[in-house]
Amino acid sequence: MSATAVHSLWTTAAEPISKIDAPKIEYGQLAPILIIVGAAIVGILVEAFVPRKSRYYVQMFVSVVAIAAAFAAVVALAADGYGTTKAHIAAMGAIAVDGPALFLQGTILLAALVGLFTFAERRLDPVVHGNRVDSFAAQAASVPGSESEKAAVRAGFTTTEVFPLLLFAVAGMLIFPAANDLLTLFVALEVLSLPLYLLCALARRKRLVSQEAAVKYFLLGAFASAFTLFGIALLYGYAGSMSYATIAQVVDGTVQDVNPALAGTMGNDALLLVGAALLVMGLLFKVGAVPFHMWTPDVYQGAPTPVTGFMAAATKVAAFGALLRVLYVVLPGLRWDWRPVMWAVAIITMLGGAIVAITQTDIKRLLAYSSIAHAGFILAGVIATTPDGVSSVLFYLAAYSFVTIGAFAVVTLVRDAGGEATHLSKWAGLGRRSPLVAAVFAVFLLAFAGIPLTSGFAGKFAVFKAAAEGGAAPLVVVGVISSAIAAFFYIRVIVLMFFSEPRPEGPTVAVPSPLTMTAIGVGVAVTLVLGVAPQYFLDLAGQAGVFVR
């Protein structure tokens, strides 16, 4: 190599590099997420520095204030027009601030607040060694049945780390439906999932079942995350970008500047189809759609019931939000490819969930299969591919989440010597023993069944109407048949509670503190209000149903 060549290399390297631009972050518009993340970090510091006796109250205070402040921030953004006219992409293309994002974030925060009350309940278990205890293990790190666990129980320890874990999960859930590039989507998925894996393992009673549930959830969740990540890699290979908008343009063929590398991969539909399929598969795992539902019954049954309620409600809301955004913003150009597949998934999810639920003998497993059937009903709205489809799904998610948390909160009240009595035979005659609790649970079951004057009916009607108008009428027929099958096992539980003789050795109904009463009361109120007068909320979901592109 000649001296001149070396010199020219050296001079090109020595030329000043143009300065790196500082990132432009709209902190105000990201306030709901930032408040929750900040509070979660404060919660970790509380665990480190606050004396053990005061931690429960401090954590409770921090969590409630943070969730309330974040919800106020969502309402302020919506009132300022960020859900409609001012909707745009914030944080340098990473986060969308638009109607669906704000509506779903508000729903997640309210569900988290109600779920938090069930987490904090300390009056259901009998007092142990003079200490009130909650649903969570005394010391999570100790082996079940070991001396160290017994010592922790005697000392009155409680796992107050559940509060920051809940907040981290909520932070991931807030980002998940608002993510506007694939990398943000994946980070949010992990931030949402990892705390849930831990929370599932922390039951105070039946610790081995709880830990088994957590391991199953972790292994299957890691599988699903890997599929998602591989799908993201293939989509990046296809479009040369992580941004939703750019991928959508490449799919549509409307992309402006095509460089030679992009021209080489753009024609490769295998990358696009396999990538999209893997990405959607990861999201369907999170919503619990058949055939990616295998984790749901075991995890719902094994996890502490407050965690099950929170997870069943909030995770579904976040995952359906992300699924809607991927299908409507990234892949509208692939509609003819993904709709037939989604039809098949929705049909087997509705029928599978409803039929298998009939055979269940455990109330938590029954609710798990019921949630699978509901995932199928919501998918009918997703398939509509119309603005009404989006708004009907938003409404259904809001209605469903409160019924679910309320139902699981009632499950925590029915107890025998071994803790919660979840076997259906134990619930026989509950209506004679404790008419109010049985009546409240009956309201939730009727809402799940979609009986008129409950939120479940308004939600199902909205979703099926959108699906029928979107050209998916046969899907609605299958949905109505599945609803009829599902109504059978909901009504069977009501008949069992009110028309069976109570057993002498049957369970008792614990008297909860105002926390669980609030959670159940909010569930009943939302169920009846959205059932009797849904129009305002349907309009709200309608205004929030437009994605920013």
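A: Tyr-300 and Phe-408 are both buried, the term standing for under 20% relative accessible area, with exposed over 50% and partly exposed in between (1.4 Å probe, protein chains only). The model is a predicted one, in which local features need pLDDT of at least 70 and side-chain atom pairs count only at pLDDT 80 or more, whereas totals for chains, interfaces and linings use all residues. Residues are numbered from 1 along each chain as its sequence is written, and side-chain values use heavy atoms, with hydrogens and water left out.

A pair of aromatic rings is described by the distance of the centres and the angle of the planes. Rings of Phe, Tyr and Trp (its six-membered ring) are paired if their centres lie within 6.5 Å; planes under 30 degrees apart are stacked, those over 60 are edge-to-face, and the rest are tilted. The structure holds 18 such pairs. Helices (H or I, at least four residues) and strands (E, at least two) are DSSP runs, numbered from the N terminus. Ring pairs also join Tyr-300 and Phe-408 with Tyr-197, Tyr-217, Phe-218, Phe-285 and Trp-295 in a cluster.

Another pair is formed by Phe-489 and Tyr-490, whose centres lie 4.6 Å apart with the planes at 50 degrees, so this pair is tilted. Phe-489 is buried, with a relative accessible area of 0%, and Tyr-490 is buried at 1% relative accessibility.

Tyr-328, in helix 13, counts as buried at 9% relative accessibility. Leaving out residues up to four places away in sequence, Tyr-328 touches Gly-381, Val-382, Ala-384, Thr-385, Thr-386, Val-390, Phe-547 and Arg-549, contact meaning heavy atoms within 4.5 Å. The C-alpha atoms of Tyr-328 and Thr-385 are separated by 7.3 Å, although the two are 57 residues apart along the chain.

The nonpolar packing may be considered next. A nonpolar core is a set of buried Ala, Val, Leu, Ile, Met, Phe, Trp, Tyr and Cys residues joined through side-chain atoms within 4.5 Å. The largest one has 186 residues, and those with the most contacts inside it are Phe-176, Phe-310, Leu-379 and Phe-441. Helix 13 gives the most to this core, namely 18 residues. Beyond its neighbours within four places in sequence, Leu-379 is in contact with Leu-284, Ala-289, Phe-320, Leu-323, Met-342, Val-345 and Ala-346.

A search of the whole structure finds 15 salt bridges, each defined by a side-chain nitrogen of Lys or Arg within 4 Å of a carboxyl oxygen of Asp or Glu. One of them joins Arg-325 and Asp-98, at 2.9 Å from N to O. Arg-325 lies in helix 13 (residues 305–330) and Asp-98 in the loop between strand 2 (95–97) and helix 4 (99–119), so the pair ties together parts that are 227 residues apart in sequence. Both residues, Arg-325 and Asp-98, are buried.

Asp-125 and Arg-415 form a further salt bridge, their closest N and O atoms being 3.2 Å apart. Here the partners are 290 residues apart, Asp-125 in the loop between helix 4 and helix 5 (147–154) and Arg-415 in strand 3 (residues 414–416). Asp-125 is buried, with a relative accessible area of 10%, and Arg-415 is buried at 8%. Salt bridges link Asp-125 and Arg-415 in a network with Arg-205 and Glu-420.

Two strands are paired if DSSP finds at least two bridges between them; strand 3 and strand 4 have 2 bridges, in the antiparallel sense. Asp-416 stands opposite Gly-419 in strand 4.
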